[in-house]
Amino acid sequence: MKISLTEQIILGLLAEQPQHGYHIENLITERGMRKWAEIGFSSIYYVLERLEKKQLATSLLAKGKEKKQYKITDLGMTELKEKTKKQISERKPANTHLMTGLATSHLINTLELITALENRQAVLMTDLKALQEKMEKGSDVQAARQLFSLSEVLLKAELNWIKSELERLRK
């Protein structure tokens, strides 16, 4: 069964415990997932309904004004585990936007490239600081700790690359 990246992320959050859409939104925000995943708040409920139609998640009956909660099904867990193993095993570029920009960077002059890299460097430094603050708070969820740890390594590596590239360009 085909599962989109957004569906995989939401199923992963449901695998932790039953959740309602608003709580899923909070987890996505708290874990900084929007830095690498395109999940809009308004699409969360749409994805939950799609997962329910695919029988990968099911909604729990809500009483009165309670928010509708969703939980992962056995089929959803099986599909999520298979997709997870595949995603971790395969190698795909993690920075497709940057790589696409670099592939066409010959269209801009050196000063424009330097400015663009400096702008990216500033954003990365801000992101790294925010990430490290979240890491200090800690998380009981293994997946969150892994995401934070990998993100920190990748941010530092990219900052090192930008630093050396800026030095090369300025010569």
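In the predicted model, Gln 55 is placed in the loop between α3 and β2 (57-60). Although Gln 55 is not a glycine, its phi is positive, at about 65°. With a relative accessibility of 55%, Gln 55 counts as exposed. A positive phi, near 65°, is also found at Gly 32, the residue that follows α2.

Helix α1 (residues 5-16) and helix α3 (residues 41-53) have axes that come within 10 Å and cross at roughly 80°. Because of this angle, α1 is roughly perpendicular to α3. On the α1 side, the contact is made by Thr 6, Glu 7, Ile 10, Leu 11 and Leu 14, which meet Ile 44, Val 47, Leu 48, Arg 50 and Leu 51 in α3. By class, the residues of this contact of α1 with α3 comprise seven nonpolar, one polar and two charged.

Helix α1 also crosses α2: the two axes come within 11 Å, at an angle of roughly 105°. The angle therefore makes α1 roughly perpendicular to α2. Here Ile 10, Leu 13, Leu 14 and Glu 16 in α1 meet Ile 24, Leu 27 and Ile 28 in α2. The contact of α1 with α2 contains six nonpolar residues and one charged residue, and no polar ones.

Within helix α2 (residues 21-30), the buried residues are Gly 21, Ile 24, Glu 25, Leu 27 and Ile 28. These residues lie on the same side of α2, because they cover an arc of only 165° around the axis. An α-helix has 3.6 residues a turn, so residues three or four places apart point the same way. The partners against which the buried residues of α2 pack are α1, β1 (19-20) and α3.

When residues up to four places away in sequence are not counted, Ile 24 touches Ile 10, Leu 13, Leu 14, Gln 19, Ile 44 and Leu 48. In soluble globular proteins, nonpolar side chains tend to be buried together.

Ile 114 is buried because its relative accessible area is 10%, under the 20% cut-off. Beyond its neighbours within four places in sequence, Ile 114 is in contact with Leu 166, Leu 169 and Arg 170. The C-alpha atoms of Ile 114 and Ile 162 are separated by 9.5 Å, although these residues are 48 residues apart along the chain. Leu 102 belongs to helix α5 (residues 96-103) and is partly exposed, with a relative accessible area of 32%.

Phe 41 is found in helix α3 and, at 40% relative accessibility, counts as partly exposed. Leaving aside neighbours within four places in sequence, Phe 41 is in contact with Tyr 22, Glu 25 and Arg 34; of these, Glu 25 is among the buried residues of α2. The C-alpha atom of Phe 41 is separated by 36 Å from that of Glu 165, which is 124 residues apart from Phe 41 along the chain.

Gln 87, in helix α4 (residues 74-89), is likewise partly exposed, with a relative accessible area of 29%. Gln 87 touches Leu 5 and Gln 8, not counting residues up to four places away in sequence.

Terms used. Residues numbered from 1 in each chain as written. Predicted model: local features only at pLDDT ≥ 70, side-chain atom pairs only at ≥ 80, totals over all residues. Heavy atoms only, no water. Axes fitted to C-alpha atoms, helices over the stretch in contact; angles between N-to-C directions. Helix = DSSP H or I, 4+ residues; strand = E, 2+ residues; numbered from the N terminus. Parallel < 35°, antiparallel > 145°, perpendicular 65-115°, else oblique. Contact = heavy atoms within 4.5 Å. Nonpolar A, V, L, I, M, F, W, Y, C, P; charged D, E, K, R; others polar. Buried < 20%, exposed > 50% of the residue type's maximum accessible area, 1.4 Å probe, protein only. Arc of directions from axis to C-beta.
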